[in-house]
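Hi,

Here is the structure I promised to send over. Have a look first, and then read my notes below.

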Amino acid sequence: MISRVTKVLAESGVELSHEELLDAMWLAGKLPRDSGPLARSTSVSAATSERHSEPHHDGPKASKAETAEPAPEPAAAESMGEPSARPLLASAQPSSDEDAQAPAGLSPAVAVRAPDSSTLGAGQLRLGKSLRPLRQRFPDRRQQELDVTRTVAAIADTGVPETVTRAVRTRWLSLALVVDDGVSMVLWQRLAADVRALMERAGAFRDVRVYGLDTRSGTPSLRTSPYHHRGRILTPEALCDPTGNTLVLVVSDGVGEAWRDGGMRRVTDRWGRCGPTAIIQALPSRLWASTGIGARRWQVTTHRRGGPTRDWHVTDPELPPDLVRFNSVPVPVLAPTPAAVADWAWLVASPGGTALLPLWDAGRPGSSRTVVDARDGDAAEAVLRFREAASAEAYRLAAHVAAVSPVTPPVMRLVQAALGSPTDLGHLMEVFLGGLMHGLDADGADRLPHHWRFDFTDDARSVLLSAVSPRELLRTAEAVTRRIEAAVGRAPVFPAWVGHPDGAAVIDDTGRSFAWLRDQVLTRLGIPSTDARPAVPVLDRTRAHEGETRDSIGAGDSVGFRDSAAARTDEVYDDAPGENQPAGWVELLPEDPVQLGRFRLRARSARGWPHLTMYLAEDEDGTVATVRAPAPLYSRDPETARALVRTEAECLTRMRGTGAPALLGVAAPTTGELPWVAARCVHRRGDDPSSPPAPNLRTILDEHEGTVPEELFLRIGLGLTEAVALAHARGLVHGSLAPRAVLVTDRDVRLIGWATATVDRVDSAHRDVLPLSDTYLEASDSGRSLTPQSDVYAVGALLLAFLSGQWSDPRADNSEQGPLTNPGIAPVLLRTLWRCLENDPARRPSAAFLVGAFAHASGGPAPGPTSVELVAEDVRRMRNAARQNMSTYGLEFARLLHTFSNQLASQGRREESLAAARESVEVNQELLSAEDDAYSMPFSADLAASLSNLSVRLGEAGRARESLDAVSEAERLYRELKRRDFGDFALGHSMTLNNLSNRLAGAGRHSEALQAIEEAVLIGRRRAELDTSAVGDDLARSLTNLGSRLGDLRRWGEARRAVAEAVQIYGALPSEEARRVWMDHAMSLNNLAVLLADAGDHDDALRLVNASFAVLDQNGGEGSRAALEIQERSRRIRSWLEDLAARARGQ
Amino acid sequence: MTTSEPPAGTSPVLSSSNGGGDDWWLFRGDGERREVSFPTAPPWRRFDQQETTTGERVPYPRPYLIGPDEVEVVNAALHLRRPLLVTGQPGTGKSSLAHAIAHELALGCVLQWPVNSRSTLQDALYHYDAVGRLREATLQRDADGTEPDIGQYIRLAPLGNALVSRERPRVLLIDELDKGDVDLPNDLLTVFEEGEFVISELTRLPASHAPVHVRTDDLDETVPVTRGRVRCSEFPVVVITSNGEREFPPAFLRRCVRLDLPEPNERRLREIVAAHLGPDALDDTDDLLREFLERRAEGELATDQLLNAVFLRKGGVNLDAASLLQGVLHRLGGAV
């Protein structure tokens, strides 16, 4: 019970463990009625909604809200009232005179502590663990403590109270954290602070001292307090600890002059001679080479614990040691990631070991400086120079930063993070050092570095802003807002100013806010909420003074950007599919990532898949993708999460975009980050990316209100079976087919949800993670290894449920496998689908067989070559099975051969087709011979059908006599069968008689041929009498043939009447039927034309041939060989008629 | 408030030029010796204890103000018998919450366990004084041949004490868990889930041995422990405080009820001042409050700093808001 509830909750996006659910339910029972947070927060009568949502919201813990603040979900909040959002700016001017009216363009604001983004991110915990090797204790001979055990032992032995002492075991190393505090490092102040906190918490160091490092002047120097630029100046030698027990850890971005000119080299050499030394590179590793701290991987071998890095033995990982030498004192360069730090910590702490470590590459000549000095001259020119020198991403980032400047470093980082990939912190550094920004605080020394404000000149700003659309800026602000909302209470803070009528400070109201804070968030930040209406007119985000028209937002919109929801959705985002969330998609939740790899997430799937959250995303080119990431699962079980992603990616790769979405990207790193897999978004209209995402089976059924048109059902059936057959041919078993896993476009069907698929007969170890309803999985199948037959079961269950319009187990109300009464669908097809639900997997048809069945039922073009190959594989498999157990598999095998033979024939592969047909006959004969009754069902019927088929194939191969023998035998069987059961076998008999008649005519036995076809016509007429709803196409076919036979005997008048009747029947067929038999229709038209022309009625003949062409055109005259033949024949008749007409005129 | 008279004959070296009343100048820096009566301490710096009617000595109750939503979460934790993980900015009253709960529910003194990077779970469970026991055992055996009870040498530490089986649970404050070792939360989790621990020194005793009475935080109280096993009957009220920046293992978080204390807004600040210093304390402190609110974000200030400033103002220090705050509201945060 509990499992089912948690599963339902997980599927609706609320991941709860059992304990959490139980807690929530316990609380719900304890809460006094009408006093739950939800009840209080909604004014509407909460009786019903409360009952529904109590488990979610009433338990503050269960709701996962880290606060007591009942924060309604964004969507709900917007519909409930008029939530106001207040602009958040990075800087403000304190108002000099409180009584004076605020100058135009300025509004009051109050300071808040806005949450910052963490620099170490989710790796914090593991980073802490990676430092464990350093947590060693060593006896300190200077301090003694009582050794309790030995004292007790001594007293017990001697009886004399005496004490035994031992050296205190103290922590091993002291840490000197040296923070490069040059101006570019204000961006990394938070990193330095995080590293410090991490080191202090690690419990590994005797003490942690922090120094500032000045690398901007020629000789590096230390200060006692970083970023303050005052305090005592120390020489770097102050950190040289002769005992070797001080670990020097430098945090830097390698921009300072001293990193390039050798100044820092000398310093680190000195430190590296005394004790362990390392550098933490703040920049992403791709940029290391362009800074003063480049690195190369070397193989490092140590011989003792700790000790100066100079003692390290460094060799090239590949080349022999005498070829390459490492000439300087090695200094490892670390990225602030758990993996890098763990390697290093292990090497430092182990008594001897070897590892590959990036070492500071001093031999590298200093590459060109990234600083572009653009202070002088025209701002536009400076921007131009920046644009040339900087990367495209940096330029875009600069525009986004300029839009919200003046900024403080945390805001710059937030904007960069919101923009996401492909921008990274390196691009931010390009912007920061690009010469366009200048500090605003002359007295900066007094402020904390994360309070320092930077700005662009007005000219530079307006040039930069022209590079991005206002919509993009809005989107970034929204992304920043989401990040801030998600981080409240869980992150370090930085000061910012939020527009508020009570404020004493003033902010520029020109719309430079980097985020918008809602009242709920403000309350948590200690700002009282005022009336709902924002008092500040800053929400009008027009920037008239910058000469930009922002027509899409509306200059007169003073109500508030957030409030004008209509304007936002209809005008601003009308072309942004992610904002106008399509059906089934909702806005991202605060805990959702904003970016995964190069994909920016736009929406999350409303119908949650358990554990795998699906997002709608977009890459830098605007390609819409669906990204699936096991976010909640990852935090609990990263290994499973990665395995799921890998399996899904493997399957998508194998499917190569057919029958499944095309793989766009995957990330399953062994450490560190959330794994994800991105696939091309499947759109409703084929390749039209502007159409909404394709619906799944469930949605389709809803759209059609439970009844699906036959044509659509056949198309979906064909697409689904083709996709499954393809997967089986490529060694995959989907294993989790369900309505939501089947996406339907207007062209094909794509399967999704491959995360637990069986690859190469190896079942996924995590099937229990994504449980499947047993509606689509035969109970006995779930226990053992999954086979393609399990998928076939699911396909059958799915399609039958789909057809019945109810997502329930189709067996539930049809305990007998009676075919569903569905007028549109051929009973044969229904029977085939029911066979998919056989308990014995071996008795189920193969997926390839299903493809054939659907292809046949939909009368469409013959299956393509790939499908034939799939069936061929199936045939081989079934042949082996049948050899072992003919009674079980024989019938299935014979039918498969039959299908196979037809498919081969449609490909023009006559010999193979013939062989298959012959084998089918043989198998059927063998089966029948085992029966007592020579007409035992269903073997005799199958034998008759296969004989008839064999005769057709023989005829095609030009082996007329054998063909005649076969069809005669078939006719004999059918005659008896028809006698026993007219309803079931009349049609078969009629078709065989047609065939027999053709063969006899071919052998010149015209009268026998006529006799046969006349019997066929009689059968047709009797069928039409018995069943008025019968379609009559077989009668028409027989009549056409009768016409031919009569023509052979030169009984023209009778022939004309027969064919004319056939044409009439064809013409009256309902359009779907007509489409199925269009070739026969065209043929009868042609025949009648010839007959009429012979009778001298040229005009009518020409009209009929043209009608034949019309039929050809309507049904796509290309395709199979038969169609081509008919087309050719029509053409010949027409030219012959035109010739006749011309000659008639000539006379 | 205070009535200390300046002693006669003192030279008014620094009279009222700075605005302070005479009782402000306790230390004058003039080298003269005086008998100064100390002024009343701020309520939050009083260390004498109140005696209740039952003769129990409890600390003076400190006023504590909390919003209804936060109360909701605290109740959820109490109902669920789960630890309450409190986060929030410095000075938002994380630790005081434990005292407030203990006071309001009459759960006695708060058991405090301040965590640092050296803290281990063992430290928080119990201490065993082996040497003391041996020494006294030797002495007593020499005297009369009896052996002192082992229970005297075992003293339960805060966590251990909280897990003693009692009719009413105690309040355990685990302060600044974020300062602790990475593994500490997981170690704690085990004890919280089991609700029991074992004093290994006592497990050696034979099954027939009578319960050992071990010492608790109260000098007069001992509790019986059978075969070394301490198991709570009511799960203690556990309040864990942490800086919100620190991540904890998901398993740990799942088993805690989380409470994030919001920053107090202006109205709440006024209430806090009034509660601590009396309603008239608000009379002429508007400028202080305003200045505090403006500088709070940038200066990373804590609420108790405002209380200090108001207390000083009430004590007669007549500095303007800016200089007073300069003196008292020094920045809490550092650069790195």
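In what order do the 3 strands of the open sheet in chain A run, and is the pairing parallel or antiparallel? The order is β13-β12-β15 (chain A), with antiparallel pairing. Bear in mind that this is a predicted model. β13 (313-315) and β15 (353-360) of chain A are the edge strands, each pairing on one side only. From one strand to the next, the twist averages 40°.

Helix α11 (residues 338-349) of chain A packs on this sheet, where it touches β12 and β15 of chain A. The direction of the helix makes about 120° with that of β15(A). As for β12 (residues 295-302) of chain A, that strand pairs with β13(A) over 3 bridges, in the antiparallel sense.

Next, the cores. The largest nonpolar core has 322 residues, and the ones touching the most other members are L177(A) and V795(A). Beyond its neighbours within four places in sequence, L177(A) has contacts that include V195(A), M199(A), V210(A), L249(A) and V251(A), plus R196(A) and R209(A). Another core, of 53 residues, lies apart from that one; V86(B), L202(B), V230(B) and C256(B) are among its members.

Finally, the contact between the chains: chain A puts in 61 residues and chain B 46. On the chain B side, elements giving two or more residues include α1 (68-80), α4 (130-143) and α10 (286-299) of chain B. α1(B) provides the largest share of that side, 7 residues. By class, the side of chain B that touches chain A has 20 charged, 17 nonpolar and 9 polar residues.

Cheers

Key:
Residues are numbered from 1 along each chain as its sequence is written. Chains are lettered from A and ligands numbered from 1 in the order in which they are written. This is a predicted model: local features need pLDDT of at least 70, side-chain atom pairs count only at pLDDT 80 or more; totals for chains, interfaces and linings use all residues. Two strands pair if DSSP finds at least two bridges between them. Helices (H or I, at least four residues) and strands (E, at least two) are DSSP runs, numbered from the N terminus. Axes are lines fitted to C-alpha atoms, for helices over the stretch in contact, and angles run from 0 to 180 degrees between N-to-C directions. Two residues are in contact if their C-beta atoms, placed from the backbone, lie within 7 Å. A nonpolar core is a set of buried Ala, Val, Leu, Ile, Met, Phe, Trp, Tyr and Cys residues joined through C-beta atoms within 7 Å. A residue is buried if 20 or more other C-beta atoms lie within 10 Å of its own, exposed if 12 or fewer, and partly exposed in between; C-beta atoms are placed from the backbone. Ala, Val, Leu, Ile, Met, Phe, Trp, Tyr, Cys and Pro count as nonpolar, Asp, Glu, Lys and Arg as charged, and the others, Gly among them, as polar.
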